[in-house]
Amino acid sequence: RSLMTFLKRSLLTVLSILVLLVLPVRAALATTNIPPKNTWRVTASSIQSDEFLPGYLADGDMATRWSSQAKDEEWALIDLGNVVEITGFTLHWENGYSNKYNLLVSTDAQVWTTVYENNDSDGQMDDIYIRPLSGRYVRLDTRERATGWGNSLWEFDIKGTDDIVDI
């Protein structure tokens, strides 16, 4: 299984590099449409302790982190404050990561669209691009932990119009 996983990841890496070399990347705008992280409101289903608060996953500090209780099906919710164009995400996992999770986007925190589903994360960093869509709320729904620890993220980045890759 590990040889197959290695080959699959190697192929995905090669294809990603080819996509970046072949496809044009839109020029960055003067300012991003994503509000600064210090304006985001972050909540979560649980915390491991007061040392690992939800806001730490969006504080810009790779020395702090959010960590949930040690159970599956935990979530983190980010309110950006207003509707913006979302084009992707970067998740910086700590050693306690979720190998199965979904990312959802909503304009009203009532109706959600699943924009990404990962069934085989290896932790570390997941860099994700999606078709641009409008959203104010972003929710990480973890489905299965890869370790006995809680789900733990150093940082959660949301990509906007500055980060669009033409596909």
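## Buried aromatics

A residue counts as buried when its relative accessible area is under 20%. Y101, at 0% relative accessibility, is therefore buried. This is a predicted model, and the values below are computed from it.

Y116 is partly exposed, at 24% relative accessibility. F89 has 0% relative accessibility and counts as buried. F156 is buried as well, with a relative accessible area of 1%.

## Aromatic pairs

How many aromatic pairs are there? The count comes to three. One of them joins F89 and F156. The geometry is edge-to-face, with 6.1 Å centre to centre and 75° between the planes. F89 lies in strand 3 (residues 75-93), and F156 lies in strand 7 (residues 152-159). The pair therefore ties together parts that are 67 residues apart in sequence. F89 is buried at 0%, and F156 is buried at 1%.

Y101 and Y116 form a tilted pair. Their ring centres are 6.1 Å apart, with 45° between the planes. Y101 belongs to strand 4 (residues 98-106) and Y116 to strand 5 (residues 113-118), so this pair ties together parts 15 residues apart in sequence. Ring pairs also bring in W93: W93, Y101 and Y116 are linked into a cluster.

## Charges over rings

Which ring does the charged end of R65 sit over? That of W154, at 5.7 Å from the ring centre. R139 lies over the face of W112, 4.4 Å from the ring centre.

## The nonpolar core

In soluble globular proteins, nonpolar side chains tend to be buried together. Here, the largest nonpolar core has 27 residues. The residues with the most contacts inside this core are L57, I86, F89, L91, F156 and I158. Both partners of the edge-to-face pair, F89 and F156, are on that list.

Which strands each supply at least two residues of this core? They are strand 1 (41-44), strand 3, strand 4, strand 6 (125-145) and strand 7. Strand 3 gives the largest share, eight residues.

## Around L57

L57 is among the residues with the most contacts inside the core. What does L57 touch, leaving aside its neighbours within four places in sequence? Its contacts are V42, W66, A76, I78, L153, W154, E155 and F156. W154 is the residue whose ring lies under the charged end of R65. F156 pairs edge-to-face with F89.

Key. Residues numbered from 1 in each chain as written. Predicted model: local features only at pLDDT ≥ 70, side-chain atom pairs only at ≥ 80, totals over all residues. Heavy atoms only, no water. Phe/Tyr/Trp six-rings, centres within 6.5 Å; stacked < 30°, edge-to-face > 60°. Helix = DSSP H or I, 4+ residues; strand = E, 2+ residues; numbered from the N terminus. Buried < 20%, exposed > 50% of the residue type's maximum accessible area, 1.4 Å probe, protein only. Lys NZ or Arg CZ within 6 Å of the ring centre and 35° of its normal. Core = buried A, V, L, I, M, F, W, Y, C linked by side-chain atoms within 4.5 Å. Contact = heavy atoms within 4.5 Å.
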